[in-house]
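Here are my notes on this model. Please read them with the structure open.

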Protein chains: 2
Amino acid sequence: MGPASDGEDVDTQEAIMRATYSALCKHGYANLTMQAIADEFDKTKGVIHYHYDTKEALLVAFLEYLLDAFNRNIAVDEDEAPDERLLTLFETLLFGPPERGEFDHWELMIALLEIRTEAPYDEEFRRQLTHNYETVEATLVAIVEDGVERGLFRDVDPELAATLFLTCLNGARIYQVTLRRDDVAQLTSDALETIVRDWLCHPEGPEDR
Amino acid sequence: MGPASDGEDVDTQEAIMRATYSALCKHGYANLTMQAIADEFDKTKGVIHYHYDTKEALLVAFLEYLLDAFNRNIAVDEDEAPDERLLTLFETLLFGPPERGEFDHWELMIALLEIRTEAPYDEEFRRQLTHNYETVEATLVAIVEDGVERGLFRDVDPELAATLFLTCLNGARIYQVTLRRDDVAQLTSDALETIVRDWLCHPEGPEDR
């Protein structure tokens, strides 16, 4: 995250990230200029340029910053049973963490979508988003493997199940944010719970269905 | 689509839409200017302004044009069995129509994502995308209802199943386009086929599982 060397630099960088976030929420990616970011920042534009040579360098650092916030939100409780761990993770990914984090979940989702949209044109964004995809995928795969090992889940392909969940959650968030359809997120939550209970969980016998 | 009155106007509008599409694929939404569109058009910029007063009016017409192309791609064959109809529709939505349409599927997906990203800020885009969401949802609900009625599918909530499929397909397309992950689209296709065969299709008895 740039030339961090002491506490003051880190505070300044945090303030620049906050300013970028405010500017993005206010203007959208298509209108996100260095000036718009500086307008949200309480020091001079020169301070921003000192830390980030170009707008691209700033945005790369900003994406990393957003993904860190995102990942802090999805920590799983290893003591929960695998099916409950899945459902908790789905809720967090759809509606945000139970305790409100430093970002509004909705604004965070819009910001991530905006930067995601630039990824076809930007290799560094693509690299970071791919790393994030793989981190969440690995979390889901580990939970499914655990459930299969414990005999709670059927013997499914964990990667296949993880892909189903990830694409579904991502699609729901995008409809929710772009169409302002909270009902789609709620229906998706219900659908995923049905799939976990009705497909993924091992049937004890035909009475269970 | 603007002041269409005769064949010549329609041809001109079609040419403007093509130019917008080329400019968008080349520059991305954030850099899509009227000049960039005019550069892809073989008549003068004045002709564009004659048909569309503002860039916003042009982009609203353009979104309608893209969604028309999208909808021509997803026509379903009513003679197919419900499960096959679903799987055919999934393939088309993930990989494009079997016969190559007037657009490259990949470019069409990027263009739709770019405009979708503007939807939180634009009511008209949101209205059109919502209408499109509801059209595809209705198609999926009708297929699921048909399958339940014929006793081929279990007695699931058709809206719940349709939401699961739609969010999953949308999420997969977005990963595919933004992360260049064709493998995610392929895994999603396999996952959806598993869900149709293993969850949605009615089990004849416990031996089937």
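1. Is Arg181(B) buried or exposed? At 13% relative accessibility, Arg181(B) counts as buried, because the cut-off for buried is under 20% relative accessible area, with exposed over 50% and partly exposed in between (1.4 Å probe, protein chains only).

2. A word on the basis of these notes. This is a predicted model, in which local features need pLDDT of at least 70, side-chain atom pairs count only at pLDDT 80 or more, and totals for chains, interfaces and linings use all residues. Residues are numbered from 1 along each chain as its sequence is written, chains are lettered from A and ligands numbered from 1 in the order in which they are written, and side-chain values use heavy atoms, with hydrogens and water left out.

3. The partner of Arg181(B) is Glu134(A). Their side chains form a salt bridge, with the closest N and O atoms 3.2 Å apart. The term stands for a side-chain nitrogen of Lys or Arg within 4 Å of a carboxyl oxygen of Asp or Glu. This pair crosses between chains: Arg181(B) lies in the loop between α8 and α9 of chain B, and Glu134(A) in helix α7 (residues 123-149) of chain A. Helices here are DSSP runs (H or I, at least four residues), numbered from the N terminus. Glu134(A) counts as partly exposed, at 39% relative accessibility.

4. How are the two chains related? A rotation of 180° with 0.0 Å of shift along its axis superposes chain B on chain A, with an RMSD of 0.0 Å. That is the relation of a two-fold axis.

5. Now the interface. In contact (heavy atoms within 4.5 Å) are 50 residues of chain B and 49 residues of chain A. Of the interface residues of chain B, 98% are also interface residues in chain A, so the copies meet through the same surface. About 4,600 Å² is buried between the chains, and carbon and sulfur atoms give 65% of that. Buried area is the accessible area (1.4 Å probe) that two parts lose on being put together, summed over both.

6. Polar links between the chains come next. Chain B and chain A share 4 salt bridges and 11 residue pairs in polar contact, both residues at pLDDT 80 or more. A polar contact is a pair of N or O atoms within 3.5 Å; within protein, one must be able to donate a hydrogen and the other to accept it, and residues adjacent in sequence count only if both atoms are side-chain atoms. On the side of chain B that touches chain A, the largest share, 15 residues, comes from α8(B).

7. Over all chains there are 24 salt bridges. One of them joins Asp83(B) and Arg197(B) at 3.1 Å, N to O. The pair links helix α5 (residues 82-95) to helix α9 of chain B, 114 residues apart. Asp83(B) is buried, at 10% relative accessibility, whereas Arg197(B) is partly exposed, at 36%.

8. Finally, the largest nonpolar core. Such a core is a set of buried Ala, Val, Leu, Ile, Met, Phe, Trp, Tyr and Cys residues joined through side-chain atoms within 4.5 Å. Of its 150 residues, Phe165(A) and Phe165(B) touch the most other members. Helix α8 (residues 158-179) of chain A gives the most to this core, with 13 residues. Not counting residues up to four places away in sequence, Phe165(A) touches residues including Leu86(A), Phe90(A), Leu140(A) and Ile195(A).

Conventions
Helix = DSSP H or I, 4+ residues; strand = E, 2+ residues; numbered from the N terminus. Least-squares fit on C-alpha atoms with pLDDT ≥ 70 in both.
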